[in-house]
Amino acid sequence: MSGRARDESKAAELTALQASLAAEHAAVYGYGVVGGRIGAARQSEARAAYDAHRARRDALTLEIRDLGGQPVAANAAYALPFPVPDAAAAVRLAARLEERLAGVYADLVRAATGARRGAAAAALREAAVRAVRWSGESVAFPGLAERAGEGAGAAGAAPSAAAPAAPSR
């Protein structure tokens, strides 16, 4: 591989890592909303997902720095894809967050090599499994479904300075 091709590959990988980090920021925010609305029966599941996304976010931040990049910062707030007034909507939001994350991680799998590709595939698998747990439905190839027309941004939440803060738990 020539030096230029190697540089382009590294740039593509860094771009995909940044997109994954942005998606994890949105997921952490989204799970703050989920946690404030979810029923008691699924509270521990929501907390475990929240913790997993925080850990993945922190790991991505380190990887980006290791590649010489400046990690993308979280937005102060995100516009959710739909209102979340109750536990049923919170479950739908959790499923949507995971479905969108699976798509972002599929992009990272395509861009990454070596151990990073394996980690991205594991993240894709974890997001797909959580999406199935939340929604009760699955798809044959999670993360690879046609995502054209999804303008809401990574993980289903668009940045919004006007969006209200996540409810405290």
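Buried means under 20% relative accessible area, exposed means over 50%, and partly exposed lies in between, with a 1.4 Å probe and protein chains only. Colleagues, this is a predicted model, in which local features need pLDDT of at least 70, side-chain atom pairs count only at pLDDT 80 or more, and totals for chains, interfaces and linings use all residues. Residues are numbered from 1 along each chain as its sequence is written, and side-chain values use heavy atoms, leaving out hydrogens and water.

I begin with Arg110, which counts as partly exposed because its relative accessibility is 49%. Arg110 belongs to helix H3, residues 87-111; helices are DSSP runs of H or I, at least four residues, numbered from the N terminus. Ala12 is 98 residues from Arg110 along the chain, yet their C-alpha atoms are separated by 9.5 Å.

Let us turn to a helix pair. How do helix H1 and helix H2 pack? Helix H1, residues 3-37, and helix H2, residues 43-66, meet at an angle of about 155 degrees, and their axes are 9 Å apart. The axes are lines fitted to C-alpha atoms over the stretch in contact, and angles run from 0 to 180 degrees between N-to-C directions. H1 is therefore roughly antiparallel to H2, a term for angles over 145 degrees. Twelve nonpolar, eight polar and five charged residues make up the contact of H1 with H2. Here Ala, Val, Leu, Ile, Met, Phe, Trp, Tyr, Cys and Pro count as nonpolar, Asp, Glu, Lys and Arg as charged, and the others, Gly among them, as polar.

Finally, I consider His25, also in helix H1. Is His25 buried or exposed? His25 counts as buried, because its relative accessibility is 12%. Leaving aside residues up to four places away in sequence, His25 touches Arg57, Val72, Ala73, Ala74 and Tyr78, where contact means heavy atoms within 4.5 Å.

Methods: Helices (H or I, at least four residues) and strands (E, at least two) are DSSP runs, numbered from the N terminus. Angles under 35 degrees count as roughly parallel, over 145 as roughly antiparallel, 65 to 115 as roughly perpendicular and the rest as oblique.
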